[in-house]
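Student: Please take me closely through one part of this model, the division into domains and the strands around it. Spell out the cut-off behind each term as you go.

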Amino acid sequence: MAEKAFLVDTSKCQGCRGCQVACKQWNGLPGEKTEFFEGPEYTNPAKLSAKTWNHVIFFPIDRSNADRPIWTIMHKKCFHCSEANCLNVCPEKAIYRLDDWVVVDQDKCIGCGACVNACVYKVPELSEINHVNDAGQKILKRDKSHKCNACTLNEREIPACVSVCPSDAMRFGYRQDIIKHAQARVKVLKAEGFPNANIYGLDQFKGLGVLTVLRDKAEKYDLPLNPAVVDVVKTEATKDVYALLSSFTMGIPMLKRAAYKVSKSISKDA
Amino acid sequence: MTNHWIDIRNADVVFIIGSNAAENHPISFKYVQEARDRGGKLINVDPRFTKTSSLADLYAPIRPGTDIAFMSSIINYALQNDLIQKEYVVEYSNAAYLINPAYKFNDGIFSGYDSGKRTYEKETWKYQLDDKGIPKKDKTLKDPNCVYQLMKKHFERYNFEKVSAITGCPVESLKKVAELYTSTHKPDKVGTIMYAMGTTQHTIGVQNIRTYSILQILMGNMGMAGGGINALRGESNVQGSTDHGLLWHIIPGYLEAPKSKDVNLETYIKNYVPKTNDPMSMNWWQHKPKYLISMLKAWFGENAKKENDFGYDYLPKAHKPVPYMAMFEDMSKGQHKGAIFMGTNPVVGGPNTNMIMKAVEKLDWMICADIWETDTSIFWKRKGVNPANIKTEVFLLPMVSSVEKEGSVANSGRWTQWRYKAQAGPGNSISDLDLIDELFLRIKKLYEDDVKAGKKVALPDPITKANWNYRHAGEHEADPHMVAKEINGYHIDKDGKRGKQLENFLIMKDDGSTACGNWIYSGSYNEDGNMMARRGSKDASNKIGMYPEWSWTWPVNRRIIYNRAAVNRKGEPFDPKRWVVKWTGSAWKGDVVDGGAKAGPEAKNPFIMTAEGIARLFAPALNDGPFPEHFEPLETVARNLMNSHQLNPGVTVSDMAKKEVGSAARFPYIGSTYRVVEHWQAGAMTRNLPWLNELVPDMFCEISLSLAKAKGIKNGDKVKISSARGVIDSYALVTDRVQPFKVDGKMVEMVGMIWHFGQGCESTGDSCNTLTPSVGDPNSSIPEYKAFLVNIEKA
């Protein structure tokens, strides 16, 4: 079991989006060109991408309980699953576990998109651009998969997103402490009139690295209770075929991507 | 703020009205959340369901511009059910004071009204005095002329049903708010009220705040930990700017700006220094002459002598009130030759920006000093004008940002914190201080040269005789420490030489032997050094989060003002768990006590800044009445259900503004304006930043599902919003967080707009202040940005 975890407490989030900006600042990621709001309410951009490793989703207000309307504002990034689909499907072992975190090794990534398809939370994305940040670091590489790396690439003690949260909506610490705190929060929320309050991420994919406290049922926030785990037999078969084919690709990414496609169809992993 | 940010966590009930603190004061909200973690409750009253509402225990809607009605129903509920802190009210407020029997109130009008001038003669609002000249009191609160009885009668008209019809807030919600908030009337239960521009920016702005004060006094919440009236200032140093007199009607330390009728020092003192015969009153403003004369000594040095009224004549005297709106009206009439805009962007931030842009066209020259090109600096190339026809010469001066200069910043809680220069600014940018310093020294030189050459120069003395020394010998830049030391003040010996720094204002004199730039800051930089730079993190003995060794707070490092009201006449804390000060019989413990440590609680009244020494439930000093009364905004969809006057009778609408007043027939929806966390004020500092533009790239408004349906507008559609003053383009955010109000039996819709956009910077958009009216409060002259009339159509 992972040692550390993130907490996202939506019942304390003020929606300042300091987390979204801090991530871009720390990593030197470019701002996205948006128009109006591309997601619900103030959500911008609409989804996570190679350029946007965390974002804040403003769900439409739920007035079904007139006395207690709920307007949920939720920080979302890679959930860092313990049994990560993306890691399991990656044919090049470019996605690996660094301490508790699921990280993409850009040198190994061939841009096959397996991880993009496998992630039920729609987290990783292949970058359309190269981007060098102010520190001279090639932070985005074209055709490679990018996502949150829990500030393990540009390492810091507390991840950038957590460090700027003004309202205790985000924490980073020992998993057991985070769980204990989250459980106490759920108890308080139930007493405050939110009977469906819960913690998301205790069980999914054998435990997520990001635990989310919610005032209402997780499904309402596009967080499946029983998300589909990739078929390990099939992915292993694909990877076996790929291992064979890739020896003929001379390390050329385009050929590697083609090899992966062929492997997938041969092993009927679709 | 009477209290400070950290202290919010001590509240049992936090009442946020006229503020979206979670959005616009994110750090303040950290302490609101702490209060909730400690079992406190949060009430939020707002026209929209906001980020603040999303974390509140109790949310209630309110139609913009109806705060007085809303709050008065709570005050009435407290009075009718006797849910008041009786001991506090009798001892520490003017509830028991008897008012002139000639005082009357009828149909929205108080006695003394001159309908021609739209002003009040306040004679009948005065206290009845005994033969010693002390106000008469009836501590049984039964006399029909006592404030308590007058107020009970005044507020009983505000019952929940009527107030619901005015505000659009359901009766049930009003009752819940009233019940929860009045739970703080118990001596050891405390509530705080946090407000911002949603309260102030109305033609009844000051009286809106009065309703909060009245409620806080009735609850016994002033001076307490977790209590007070807490204005959330809109910028990081706007507290400092008002402290130092950057408004039209005050000079540093909240002294009155002299007017033409204040012909000399003696007259000024006669007009503005209050007197009392009550031995229980400290009447702190009796010290005003010391503060003014010390300020003149700081400003004019050896040229300020007893014989010349200490240079009082050098101060400009206003011949008429010149608030923001009047200044631009004057400008549009060609009465100004030039203007300097530093850190301000009026073509986005001012009311009726079309009028403002036409006004600045009349200037010969204009200086914009900012860290970016501002919308104001490029007013001459706006849509629809030919730059060739604009004669104004525009100078854009590059300034450093807040982290590229050293100095102090005063936050809303009056904490004045010193900060350091992190790095040099880019290119030729300089600090505000250096700009002012250089500008003044060059102007002074021009005056001196002309005087020397025997040229006829108008009023050279205020410039040539100024005591202006902010550079070390041989330096080319001003030193902020020298400014801070002058603000703190210093002794002047008999030979006129500068002596030691003043310890604080308690030792200030009115004979020219002390100099002080701003009395309330005296003590901030004394012989012990720069107190504002202190970073001690030890709490005080009362353990309520005052951290008295962190930075410095005016006055005299007092963290909670009116703290004498936190104890009874014996000096025992009303709330022993969260005590602020206590009297041991010979000394005070805890916070720095108000009004000096010598006087015990039985000897002096706690509200030291009023001449009576007590809090005013009935306030005879305001321009529009001693009690708050509901009036409608200048532009409104509703008739006034409280009396037969629509607009506040104390408000005068200028001839220019009168020409552009919209009616509900043409503009059927309420317009209101506000900010979002991603952009800063008029936007010149944030609309150039790609990460922030990613989050909020465009001007948008928020409308309800029902208005969207009626107008055929879908979420994300482009719309045109119009008022009697102009029309703007915007995107529409259709949201169920905005709902129509049921006002006087009919449904009323609102169009809420952000005001950060303008034509400059990387991301551009129309300014919603094109739509806002140039009319303001009769006491503060703040414009009515928060309630006006608009129409909206799909573009």
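Tutor: Happy to. Domain bounds here are taken from an automatic or database domain assignment. The model is predicted, so local features need pLDDT of at least 70 and side-chain atom pairs count only at pLDDT 80 or more, while totals for chains, interfaces and linings use all residues. Residues are numbered from 1 along each chain as its sequence is written, and chains are lettered from A and ligands numbered from 1 in the order in which they are written.

In chain A, the assignment gives domain 1 (1–224) and domain 2 (231–270). Their centres, taken over C-alpha atoms, are separated by 29 Å. Between them, eight residues of domain 1 of chain A are in contact with nine residues of domain 2 of chain A (contact: C-beta atoms, placed from the backbone, within 7 Å). The side of domain 1 of chain A that touches domain 2 of chain A has five nonpolar residues, two polar and one charged. In that count Ala, Val, Leu, Ile, Met, Phe, Trp, Tyr, Cys and Pro are nonpolar, Asp, Glu, Lys and Arg are charged, and the others, Gly among them, are polar.

Helices (H or I, at least four residues) and strands (E, at least two) are DSSP runs, numbered from the N terminus. Five of the six residues of strand 1 (residues 4–9) of chain A are buried, so this strand is largely enclosed by the rest of the structure. A residue is buried if 20 or more other C-beta atoms lie within 10 Å of its own, exposed if 12 or fewer, and partly exposed in between, with C-beta atoms placed from the backbone. Strand 1 of chain A pairs with strand 10 (residues 170–174) of chain A in the antiparallel sense over five bridges (strands pair if DSSP finds at least two bridges between them), and there A:V8 stands opposite A:M170. With strand 12 (residues 210–214) of chain A, strand 1 of chain A pairs in the parallel sense over four bridges, A:L7 standing opposite A:L211. Elsewhere in chain A, the loop between helix 1 (18–27) and strand 2 (54–58) is the place of A:P45, which is joined to A:N44 by a cis peptide bond with omega of about -15°.

Now for the partner chain. In all, 27 residues of chain A are in contact with 26 residues of chain B. On the chain B side, the elements giving two or more residues are helix 2 (26–37), helix 3 (51–54), helix 21 (690–695) and strand 28 (726–734). That side divides into 14 nonpolar, five polar and seven charged residues.

A hairpin through two residues joins strand 27 of chain B to strand 28 of chain B, and the pair runs in the antiparallel sense over six bridges. B:S722 has B:V727 as its bridge partner in strand 28 of chain B, and B:S722 also stands opposite B:N791 in strand 32 of chain B. Strand 27 and strand 32 (residues 788–794) of chain B pair in the antiparallel sense over four bridges.

Across the whole chain, 22 helices and 32 strands make up the secondary structure of chain B, and buried residues account for 53% of its 795 residues.

Terms used: Two residues are in contact if their C-beta atoms, placed from the backbone, lie within 7 Å.
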